[in-house]
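Please look at the sequence and the model shown below, and then read how some of its side chains are arranged.

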Amino acid sequence: MGTIYEMVIQGVSTNRVQKIIGKLSPGLSYSKSTVSRITQELDPQIRSWREEKLQDHYVYLFTDAIYFFLRENHQVISRPVLITVGVDKKGKRKILGVDMALEESYLSYRDHFNSLKERGLKQVDLTISDEHKGLLKAQQEAFPGTPHQRCICHFMRDGLAKVPYKERPALAGYLKQIYNSPTKSMATAIAQLIAEEYRHTYPKVSRLLEDLEPTLTYLAYSPHHWRKIRTTNLIEGVLNKDLKQRSKVIGIFPNRESCMRYVCLRLMEIDEEWQTGRRYMKMPEDDNKSDQNNTLLREIRELKEGVKIREELMVR
């Protein structure tokens with residue numbers, strides 16, 4: 001049984017499980033329906049994990065969607081799996097919610113966040129996601145007044161899509177300078193320079209940079225956390241990559257249930273590794289204070305900004 005469970009987690013299809021068992025143990029004969037029934041026995045364990053009680057406070061909340069192909073009504077369609085990950089006051093990561101939806105919409109994200117609140121989540125210090133309008137609306141309703149960080153990777157992709165391919169390396173280099181800035185004022189000044197440069201040749205880039213503000217929220221938090229809280233890479237670069245790589249073996253899931261079973265079993269393994277392994281972030285000793293409240297650090301950054309500006313003026 002353990003071998004079958006492990007193969008399901010690794011993304012092996014029911015047909016291949018049946019064939020592998022036949023080769024490993026010629027004396028055993030498992031039909032596809034038997035293999036399917038055995039894997040369904042994992043459902044209560046999955047349900048328990050998805051419904052477990054949550055802490056009432058998470059410092060950072062990351063939300064994104066991953067798409068999978070599956071069969072419904074004799075058609076192959078793409079369905080999103082909504083995933084939310086939290087980082088608690090000790091700096092530990094936890095997968096808080098996993099839900100399959102018909103589409104990414106306000107209603108699907110509303111139900112997703114409501115389920116987190118029903119399981120105990122009350123307070124979030126910062127939400128991180130892309131700029132999906134339905135997601136943002138549901139997020140703001142679920143956690144009113146909570147600051148939001150727009151993923152800078154999604155923002156930069158949007159910008160690069162507005163220029164020809166040959167122009168993208170240069171623009172990418174300019175945009176990175178925005179997010180290498182130690183202060184919000186410097187990041188804004190650099191963005192204004194870039195916007196002016198592209199105003200006549202590629203005005204869509206300039207208009208995009210007018211909406212820069214939501215991508216700079218992270219600068220108000222601990223500098224030690226900046227690289228990790230300004231993107232959704234915790235989901236897109238870690239979970240998405242892992243799940244997609246393994247699901248290539250299956251290709252198209254036979255139904256919603258099999259897809260969710262595969263996704264949840266793998267995420268349960270990752271979640272256990274996160275909970276028992278080293279923490280994801282070093283958190284301040286006082287959970288209510290972070291480095292952005294340190295007057296000395298702020299003065300040092302302002303000094304560095306002043307030096308940078310003076311150097312630029314001298315060059316001109």
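## A nonpolar patch

Phe-69, Val-76 and Ile-252 make a nonpolar surface patch of about 250 Å². Such patches join nonpolar side chains (Val, Leu, Ile, Met, Phe, Trp, Tyr) within 5 Å, using residues with over 30% relative accessible area and no salt bridge. Ile-252 lies in the loop between helix H12 (233-247) and helix H13 (256-276), and with a relative accessible area of 32% Ile-252 is partly exposed.

## How the model is read

This is a predicted model, in which local features need pLDDT of at least 70 and side-chain atom pairs count only at pLDDT 80 or more, while totals for chains, interfaces and linings use all residues. Residues are numbered from 1 along each chain as its sequence is written, and side-chain values use heavy atoms, with hydrogens and water left out.

## Salt bridges

The structure holds 14 salt bridges, each being a side-chain nitrogen of Lys or Arg within 4 Å of a carboxyl oxygen of Asp or Glu. In one of them, Arg-50 pairs with Asp-99, with the closest N and O atoms 2.9 Å apart. Because Arg-50 lies in helix H4 (residues 43-51) and Asp-99 in strand S3 (residues 93-100), this pair ties together parts that are 49 residues apart in sequence.

## A buried pair

Arg-266 and Asp-242 also meet through their side chains in a salt bridge (2.9 Å, N to O). Arg-266 belongs to helix H13 and Asp-242 to helix H12, so the pair ties together parts 24 residues apart in sequence. Both Arg-266 and Asp-242 are buried, where buried means under 20% relative accessible area, exposed over 50%, and partly exposed in between (1.4 Å probe, protein chains only).

Definitions and conventions: Patch = residues over 30% accessible without salt bridge, like charges linked within 9 Å, V, L, I, M, F, W, Y side chains within 5 Å. Areas by Shrake-Rupley, 256 points an atom, 1.4 Å probe, with all protein chains shown as cover. Helix = DSSP H or I, 4+ residues; strand = E, 2+ residues; numbered from the N terminus.
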